[in-house]
Amino acid sequence: RIKSFFQGKNYQAIKEGQRVYLTELLGGPKIYKGKDLVDIHKTVGLSDYHFDCFLSNAEKALSGLGLEDETIDEVAVTLEPVRAALMNRAQGLAAHAKVVDGQSVLDRIGGEQNVEAIVETMYGGCLGDPRVRYYFEVNKDKIATIKQKMVALMIGAFGGPVTYDDSKMRQIHYNMNITD
């Protein structure tokens, strides 16, 4: 499925570059000195399908090594942010809130109180949607916590103070089969 990208290329050099890059990405020594990943893939014509194929191949290889599913999932979660870079997409809270006429999105929608109202409406919509209801039908204490986190995330994303650490958000939502 992705073999054609490697035809006519120095396969051994690519393989070695991937080994060193992935070793570093997965917590090994910081020794990657190759070209920038975005520059390498800029003209290749990658799509989400191709990245999914790469992840599938990685998961098969890790499974073949006898690794536990939890470890394989952790590797997939670690690799996933590379997708946004290769597809040249903005990512994270740092990609937020344009200021227009001196006002952030948060200011333009009326402040934190309105974000709370948005979250209430969104949560109610999720409870009414059979595709996602399962994830939101939880006990009242957990509902309050989820709503607080949603409000904090949105306030930061809309240009207010960033009080929610989104670094584990992908990992927390990984098993929910959420896609772009």
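This is a predicted model: local features need pLDDT of at least 70, side-chain atom pairs count only at pLDDT 80 or more; totals for chains, interfaces and linings use all residues.
Reader: How many aromatic pairs does the whole structure hold?

Author: A pair of aromatic rings is described by the distance of the centres and the angle of the planes. Rings of Phe, Tyr and Trp (its six-membered ring) pair if their centres lie within 6.5 Å; planes under 30 degrees apart are stacked, over 60 edge-to-face, and the rest tilted. A search of the whole structure finds five such pairs. One of them joins Phe6 and Tyr11, edge-to-face, with 6.4 Å between centres and 85° between planes. Phe51 and Phe54 have centres 6.2 Å apart and planes at 40°, so this pair is tilted. These two residues are three apart in helix H3, which means about one helical turn separates them; a helix here is a DSSP run of H or I of at least four residues, numbered from the N terminus.

Reader: Which residues does His50 touch, apart from those up to four places away in sequence?

Author: Contact means heavy atoms within 4.5 Å. His50, placed in helix H3, touches Arg1, Ile2, Phe5 and Gly45. Its relative accessible area is 18%, so His50 is buried.

Reader: Which residues lie nearest the centre of the second largest pocket?

Author: On a 1 Å grid over the protein atoms alone, a pocket is an open set of points where a 1.4 Å probe fits, with protein on both sides within 12 Å along at least five of seven lines; lining residues have an atom within 4 Å of a point. The second largest pocket has 25 lining residues, and Phe6, Ile14, Gln18, Ile40 and His41 lie nearest its centre. Helices H1 (11-25), H2 (37-41), H3 (48-64) and H4 (69-86) each give two or more residues to this lining. H1 gives the most, with seven.

Notes: Residues are numbered from 1 along each chain as its sequence is written. Side-chain values use heavy atoms; hydrogens and water are left out. Buried means under 20% relative accessible area, exposed over 50%, partly exposed in between (1.4 Å probe, protein chains only).
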